[in-house]
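Reader: I would like to go through this model and ask what stands behind the words used for it. Please set each value against its cut-off.

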Amino acid sequence: MARTRYITAEGEQALREELRFLWKEKRPEVTQAVREAAAQGDRSENAEYIYGKKQLREIDRRVRFLTKRLDELTVVDRLPDDRGKVFFGAWVTIENEGGDESTYRLVGPDEFDLSRGYLSIDSPMARALLGKRIDDEVGVRTPDGWNHVVITSIHYEPLTPDK
């Protein structure tokens, strides 16, 4: 399944900061370490040289991915007209059959982080919540079977980061 191309402005800013850090700070630092390791002689048994080259490949791979991904992303920087429904960027509070509540923000797949309550828009739960309203019951198939939840709250915050 193709990943959604939507991202919040703060998510895009985080990806751009990661790209800047890798390209402007981390890569030059590792390149210098590799240069110094190479100057020590025999490269075939030089652990610092071998590890440094591996790090450079990983950095370059991530830089290529971020550059390509940032080009194809669409920043969602406006609130939906109908804020009574669940759309991208919404904070949604749900209650399960046991009465336990959870709150999630629907975000792009590049910025999901369950420890912060950020749920990927591509996840089964988020897809089930899209377009629903408060008091709607939603069923989601999980590895443990069907999970039924009720939407108890929907709210939106400004989608652009504070400057």
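**Values and cut-offs**

Author: Val86 sits in the loop between strand E2 (74-76) and strand E3 (91-96). The model is predicted.

Reader: Which residues does Val86 touch?

Author: A contact needs heavy atoms within 4.5 Å. Not counting residues up to four places away in sequence, Val86 touches Val92, Leu106, Leu129, Leu130, Gly131, Lys132, Ile151, Ile154 and Tyr156. Gln55, by contrast, is 31 residues from Val86 in sequence and 41 Å from Val86 in space, C-alpha to C-alpha.

Reader: How do you know that Arg27 and Asp60 form a salt bridge?

Author: The rule asks for a side-chain nitrogen of Lys or Arg within 4 Å of a carboxyl oxygen of Asp or Glu. In the pair Arg27 and Asp60 the closest N and O atoms are 2.6 Å apart, and the pair forms a salt bridge. Arg27 belongs to helix H1 (residues 9-38) and Asp60 to helix H2 (residues 47-72), so this pair ties together parts that are 33 residues apart in sequence.

Reader: What is the N to O distance between Arg78 and Asp81, and how is the pair classed?

Author: The distance is 3.9 Å, and the side chains of Arg78 and Asp81 meet in a salt bridge, the cut-off being 4 Å. Arg78 and Asp81 are both exposed.

Reader: What makes the phi of Asp135 worth a remark?

Author: Most residues other than glycine have a negative phi. Asp135 is not a glycine, yet has a positive phi of about 80 degrees. Asp135 lies in the loop between helix H3 (124-129) and strand E6 (137-142). The limit for exposed is over 50%; Asp135 has 61% relative accessibility, so Asp135 counts as exposed.

Reader: What radius of gyration does the chain have, and what would a compact globule have?

Author: The chain has 21 Å, whereas a compact globule of 163 residues would have a radius of gyration near 15 Å. Along its principal axes, the C-alpha trace spans about 70 × 40 × 25 Å. Of the 163 residues, 36% count as buried.

Reader: Which elements does the chain contain, and in what order?

Author: There are three helices and seven strands. From the N terminus on, their order is β-α-α-β-β-β-β-α-β-β. Among contacts between residues at least 6 apart in sequence, 58% join residues at least 24 apart.

How values were computed
Residues numbered from 1 in each chain as written. Heavy atoms only, no water. Helix = DSSP H or I, 4+ residues; strand = E, 2+ residues; numbered from the N terminus. Rg over C-alpha atoms; globule rule 2.2 N^0.38 Å. Buried < 20%, exposed > 50% of the residue type's maximum accessible area, 1.4 Å probe, protein only.
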